[in-house]
Amino acid sequence: MSAPVPYTPYDPTSQMLVTPEDRDAPARVARLRELGIGNAPIPEFDSFARNLARTLEAPYAMVNFIDENRQYFAGLYTPADGQPGVELEPQASTGRVMARDHGWCPHVVVRRKALVLEDVCDYPRFAGNPVVDEIGIRSYLGAPLIDWNSGIALGTICVIDTDTRPWGRQGLETIKSMAQQMVDRLHQIEDRGQI
């Protein structure tokens, strides 16, 4: 007769990692270094983020690259850049860097699929993310940037809003199409050696 198995209470949040495990991070970091991305804003990417925000009628848009510890907004558009809206809280607007466990882009990179959150509070896995309380984000739409050469998801493009948003199928198709445009642009710039 075997010993009884000790009782372990079920924890429904045990499978809800705030930040997913990212096995591709070292290879991604190496590829981003090859591209020269991660330490300085790229004006062309800021323009792309502005166009993304206008196209999807969102107050915030980013071209976001992710390493093992952080996210870097090489392209960024906020209401302070000319569109009326809510300002980010001071701790979130200190620059273009955000902790890897903030926001939903790390999920998009690991899943390698677009993510549509019309109301983040509808999803227990995503509602507890620090940006909900710290910044007041209520909706998110993002798509991965899959590198042709390595097959690695280098980062994302995304839009966010402090209000709930019905992004719908059209929003999903638009963000995926624009992600492909950004990947095309990355490779054109790399081919010319301009990053």
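Glu57 sits in the loop that links α2 (43-55) to β1; helices (H or I, at least four residues) and strands (E, at least two) are DSSP runs, numbered from the N terminus. This is a predicted model, in which local features need pLDDT of at least 70 and side-chain atom pairs count only at pLDDT 80 or more, while totals for chains, interfaces and linings use all residues. Residues are numbered from 1 along each chain as its sequence is written, and side-chain values use heavy atoms, with hydrogens and water left out.

Let us stay with the loops for a moment. Glu57 is not a glycine, yet its phi is positive. Arg112, in the loop between α3 (105-111) and β4 (115-117), also has a positive phi without being a glycine. Here are the two side by side, with buried meaning under 20% relative accessible area, exposed over 50%, and partly exposed in between (1.4 Å probe, protein chains only).

| Residue | Phi | Relative accessibility |
|---|---|---|
| Glu57 | about 50° | 62%, exposed |
| Arg112 | about 65° | 37%, partly exposed |

Now to the strands. Strand β2 (residues 70-77) is mostly covered, with 7 of its 8 residues buried. Two strands pair if DSSP finds at least two bridges between them. Strand β1 (residues 60-66) runs antiparallel to β2, and 6 bridges join them.

On a 1 Å grid over the protein atoms alone, a pocket is an open set of points where a 1.4 Å probe fits, with protein on both sides within 12 Å along at least five of seven lines, and lining residues have an atom within 4 Å of a point. The space in this second largest pocket is about 250 Å³, a volume being the space filled by probe spheres set on grid points joined across faces, edges and corners. Its lining has 16 residues, with Leu32, Ile37, Gly38, Asn39 and Arg70 nearest the centre. α1 gives the largest share of that lining, 3 residues.
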